[in-house]
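This report describes the fold, the helix packing and selected loop residues of one protein. Please consult the sequence and structure shown below while reading.

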Amino acid sequence: MNDKTCFFIGSRYASDRIKPQLAEVVEKHITEYNVKTFTVGHYGSFDSLVQGVLKEAKNRHPNIKLYLLEPYALDKKVETPNNFESTFYPEGLEFVPKRYAIVQANRYMIQNTDYLISYCHGVGNSRKLTEYAQKLEKKGLIKVTLL
């Protein structure tokens, strides 16, 4: 079985009440779906929750790899969190206008990962990107888990 990858999309206003469910879903992705590489952003409360859950998961599963998505890597250097391997800057993003960088980086990740864990409520880019991923899921290109 090949090692799998997972990305996260979520509302910047996510409540920490979802942390137990998030932790359970991450554990399932590691133990049942063979996900070994996780990539997450760092611009909102959902991303912060995910980072915390991933750090705890890394303590239980030291073989997993954690990456921080950095859509503005050419403009500023972001500190790599403890337990993370490094930051990740998607190829070709330097040609995208800065105001579209996060959306384009997220879209790139959706197109280049096996699993997406999504927490999006209401309207916004998280919802649009999740709907895009669900269209790819119907084609068998990704598996989406909604929180």
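Helices (H or I, at least four residues) and strands (E, at least two) are DSSP runs, numbered from the N terminus. With elements named in this way, N83 falls in the loop between β3 and β4.

## Basis of the description

The model is predicted: local features need pLDDT of at least 70, side-chain atom pairs count only at pLDDT 80 or more, and totals for chains, interfaces and linings use all residues. Residues are numbered from 1 along each chain as its sequence is written, and side-chain values use heavy atoms, with hydrogens and water left out.

## Overall architecture

The protein contains 4 helices and 6 strands. Their order along the sequence is β-α-β-α-β-β-α-β-α-β. The radius of gyration, taken over C-alpha atoms, is 14 Å, close to the 15 Å given for 147 residues by the globule rule, so the protein is as compact as a globular protein of that length; the rule is 2.2 Å times the number of residues to the power 0.38. The C-alpha trace spans about 40 × 35 × 35 Å along its principal axes.

Buried residues (under 20% relative accessible area; exposed is over 50%, partly exposed in between; 1.4 Å probe, protein chains only) make up 44% of the 147 residues. Contact means heavy atoms within 4.5 Å. Among contacts with a separation of 6 or more, 66% join residues 24 or more positions apart.

## Helices α1 and α2

Axes are lines fitted to C-alpha atoms, for helices over the stretch in contact, and angles run from 0 to 180 degrees between N-to-C directions. On this basis, the axes of α1 (residues 19-31) and α2 (residues 45-60) come within 10 Å and cross at roughly 45°. The two helices are therefore oblique to each other; angles under 35 degrees count as roughly parallel, over 145 as roughly antiparallel, 65 to 115 as roughly perpendicular and the rest as oblique.

From α1, the residues K19, L22, A23, V26, E27 and I30 meet L49, V50, V53, L54, E56, A57 and R60 of α2. This set comprises 9 nonpolar, no polar and 4 charged residues. Here Ala, Val, Leu, Ile, Met, Phe, Trp, Tyr, Cys and Pro count as nonpolar, Asp, Glu, Lys and Arg as charged, and the others, Gly among them, as polar.

## Helices α3 and α4

The axes of α3 (residues 101-111) and α4 (residues 125-138) come within 10 Å and cross at roughly 25°. These helices are therefore roughly parallel to each other. V103, N106, R107, I110 and Q111 of α3 form the contact with N125, L129, Y132, A133 and L136 of α4. The contact divides into 6 nonpolar, 3 polar and 1 charged residues.

Within α3, the residues A101, A105, N106, M109 and I110 are buried. Their cover includes β1 (4-10), β2 (35-40), β3, β4 (86-88), β5 (115-119) and α4.

## Asparagines in loops

N34 lies in the loop between α1 and β2, and its phi is near 65°, a positive value in a residue other than glycine. With a relative accessible area of 14%, N34 is buried. N83 also has a positive phi, about 75°, although it is not a glycine. At 32% relative accessibility, N83 counts as partly exposed.

N63 occupies the loop between α2 and β3 (65-69) and is partly exposed at 45% relative accessibility. Its C-alpha atom is separated by 18 Å from that of Y115, 52 residues apart along the chain.
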